[in-house]
Amino acid sequence: MSGQDRISASVAVKEGQAVCAACGHDLGPATKPWKDHAQRREIPLAQAGGQAYDTGHEGVLLRHFYCPGCAALLDTETAMAGDPALDDILAERG
Amino acid sequence: MDPMTFSIIRHRLFRIVDEAVITLKHVSGSAITNEGHDLMVSLYRADGTLLMGGVGFLHHLTSAAEACKSIIRRFEGDIHEGDIFLLNDPYTAALHTSDIYLVSPIHHEGRLVAWSACFVHVYDIGAVNPGGFAPQAPDIYTEGFSSPGIRLVAGGEMRQDVLDTILNMVRSPEMVTLDLRSMIACNNVARDRMQSLMTKYGAKEVDGACAELVNQSEDLFRARLRELPDGQWQSRQYLDVNGETARVNLTMTKKDDRLIFDFSGSDPQSPYSINCTKWASLGGLFAPLFPLLCYDITWNEGVLRPVEMIAPEGSIVNCTRPAPVSVATVGAIQSVNNAACSTIGKMLGASEKYRNQSTAVWHANHFAIFKFGRNQKGGDSIGILTETFAGAGGARSFADGVEIGGEIPNPISRMANVETVEAAFPVRYLFRRRAPDSGGPGEYRGGTGGELALVPHKAPDGGINYVISGKGSRHPMSEGLAGGYPGAPNSYVWVKAPEDGANTPVTAAGGLDAISGTQERVSWGVYPLMGRDALYVRWNGGGGHGDPIVRDPEAVRSDVAAGLVTLQSAGDIYGVALRDGAVDETETMAKRKSIRSARLQQEASE
């Protein structure tokens, strides 16, 4: 890392650890996938809310990654069943 | 070089491109060019490297550089003043056959000193389907006329035999002629102005300024990269075509002053024409990179140097001949663009300095719908629904996305007036408006996309037909950021009129459900729009940014009042309760508390 203090607007970095930007809950090392430490929910896109997401097609998922501490929604992903989570990580400080 | 002269030459190069674009539009007669701004003009150095990227579709800046280099290789020793070359082969440099490059060498005192290149999406290219996008093409051989390089103008004289041969292979040759002549005029203006610049300052001085400009861009871009955090960001796009789904996977790695875009793991090339070649993928990733990371840096070869692309051969992002590619610009290229936009947005969001430059994905899903048939004047018309260029802005870290806000890869994109379309085609719009719930929810909402419905009107043949290359009705493609939802997917519906002949009044307020008839989803192929049937299209909004349940409830109320968000979504997604048009603060707090509780009752992460 090069001195920055966040992975995204919702996931900050404190002393090398990824933390929830809202409550500071520890989400593991910033150089590892923080989503492994988040609460994950996977729902059919049609159930995401509103009619616009109800496409009439099955098999499309919307993943939610929540902070286990305060329930803030940290990230979302469109996915199909079995596809791996998208990992965003910072490099080891040189 | 003294800084004043350098600055003057730099600005003159900008103005040359601007004037060439104006010329192109003045001569062109097609809506896709004049109304949609599906065009590009840029300047290149003597060796074909990018010197001054212009406006228009930015995917073309690097591909046209490769077109220049390819012409240099093919015609080595036989390139003369006043020549103009045509190139549209996707396996050589172009994005797809209907985006024709005209490449002009620029000479000064007998020496080749630069190139100008431009493109427009020509009216037709003779593919199996009218308009250039060919969802029914099984291979490149059925995607129309394709040249890896041919001399169209020799020493200032049109090669009539070549022109006639091309026009003999396309529909509406008079319109294609106009397209080609608009590009010739454009390149002629660029050449004349470049020659004037060199006459005034000297070819050596101008070339020195160009070299310095390229080095300056490289230095500035590398410096910016060093300011950004080192790390790795991922994105994934799904392209649904005819019931099949293809993936574009991207891992972007930033290390010091280098940026690597790795598309390993993307699906093999498709039997459908959504594939793209490696030159097209390169253009696709640079289209968002130029405006997002280099908004204050001149777009040229210097920006390309710190960037590496890995695109596995035989994949959907680096297909091999004869795979079909005619839908590439709205297919794999756009997905490459979206994935790059997403990863760049994430990287910017990780930077304290640049976090406010971060944006969720904009208008991620073009819908290429080409209407064709006999018009109300008895002539033949072919033309795209230019609403595909209307787009929607992705939300930013501090503000909502722009409604119907265009798109990142084309800073000047826009759509035609309804009246323009109705004057050229035997159709009437039932409505065209912002589509509720299309913008991705978030603390900052993605900009809304739109929706429209068309019916035949005064059509001598009872209606028209249309070619639709409509993916993205299954998977949302405008990804959100930091907890923001994706923009809603597209929707394409053929409303078949009731057989009893009854007509139901249609109002703008009623939308799709107010149109009488049976609804059938369409997405890929050729369909009729006849009699009293209607075609309904909804296009995607931008991705959202941040958790929707921390959005200012007043903003949600305002959205509902404006028809941008439905009451259902206000409650279900944003956790906002409205009563008599006002926010019920007590119920809103309770609703949001309930949503948070429900979130923590889910199963633990894997």
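How much area is buried between chain B and chain A, and what percentage of that area do carbon and sulfur atoms give?

## Extent of the interface

The area buried between chain B and chain A is about 4300 Å², where buried area is the accessible area (1.4 Å probe) that two parts lose on being put together, summed over both. Carbon and sulfur atoms give 50% of this area. On the side of chain B, the residues that lose the most area to chain A are Arg236(B), Arg474(B) and Arg599(B), together 14% of what that side buries.

This is a predicted model, in which local features need pLDDT of at least 70, side-chain atom pairs count only at pLDDT 80 or more, and totals for chains, interfaces and linings use all residues. Residues are numbered from 1 along each chain as its sequence is written, chains are lettered from A in the order in which they are written, and side-chain values use heavy atoms, with hydrogens and water left out.

## Residues in contact

Contact (heavy atoms within 4.5 Å) involves 52 residues of chain B and 54 residues of chain A.

## Salt bridges and strand pairing

Four salt bridges are counted between the two chains; the term means a side-chain nitrogen of Lys or Arg within 4 Å of a carboxyl oxygen of Asp or Glu. In one salt bridge, the side chain of Arg247(B) meets that of Asp83(A) at 2.9 Å, N to O.

Strand 7 (residues 89–90) of chain A and strand 8 of chain B run antiparallel, joined by two bridges. Strands are DSSP runs (E, at least two residues), numbered from the N terminus, and two of them pair if DSSP finds at least two bridges between them. Leu90(A) has Gly231(B), in strand 8 of chain B, as its bridge partner.

Note on methods:
Helix = DSSP H or I, 4+ residues; strand = E, 2+ residues; numbered from the N terminus.
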